[in-house]
Amino acid sequence: QLQLVESGGGLVQSGGSLRLSCEASGDTLEYHSVGWFRQTPGKEHEGVSCISASGGNTNYADSVKGRFTISRDNAKNTIYLQMNSLKPEDTAVYYCAADLKPPFSQCGFSQGEYNYWGQGAQVTVSS
């Protein structure tokens, strides 16, 4: 069974950068689409970014386009989310999620697309 663990969260000043990692165990991520979601208290999960199993398709929420970059390293069984120019409104718990998908299928931000979830990593951006 695939297990996901996020790391790299923390406290950063506005304008700073963080890189989140989502490391998988129990199975290879090579055939999985992976998404990053975030959640703040009282709100639903918000899709932030996703990457297809092949790595050829990526999507970003409008709120993070041009600032966040998703990437995958199948050799390390890890997905990354590089977050630059962070803003206080990026403060949230960030989750990675994965599911088996055909290599070239589009990835999306529907929570129902993903069966495997990590435990979350807190990102706090101070103003």
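## Disulfides in a predicted model

C50 and C107 form a disulfide, with their sulfur atoms 2.2 Å apart; a disulfide here is a pair of cysteine sulfur atoms within 2.5 Å. The torsion about the S-S bond of C50 and C107 is about 75°, so this disulfide is right-handed. The pair links distant parts of the chain, 57 residues apart: C50 lies in strand β5 (residues 46-51) and C107 in the loop between β9 and β10 (116-117). Strands (E, at least two residues) are DSSP runs, numbered from the N terminus. Both C50 and C107 are buried, where buried means under 20% relative accessible area (1.4 Å probe, protein chains only).

This is a predicted model, in which local features need pLDDT of at least 70, side-chain atom pairs count only at pLDDT 80 or more, and totals for chains, interfaces and linings use all residues. Residues are numbered from 1 along each chain as its sequence is written, and side-chain values use heavy atoms, with hydrogens and water left out.

A disulfide also joins C22 to C96. This pair too links distant parts of the chain, with C22 in strand β3 (residues 18-25) and C96 in strand β9 (residues 92-100), 74 residues apart. The link of C22 and C96 is right-handed. C22 counts as buried because its relative accessibility is 0%, and C96 is buried, its relative accessible area being 0%.

| Pair | S to S | Torsion about S-S |
|---|---|---|
| C22 and C96 | 2.1 Å | 70° |
| C50 and C107 | 2.2 Å | about 75° |

The count comes to 2 disulfides. With the bonded cysteines of the protein numbered in sequence order, the pairing is 1-3, 2-4.

Terms used. Helix = DSSP H or I, 4+ residues; strand = E, 2+ residues; numbered from the N terminus. Buried < 20%, exposed > 50% of the residue type's maximum accessible area, 1.4 Å probe, protein only.
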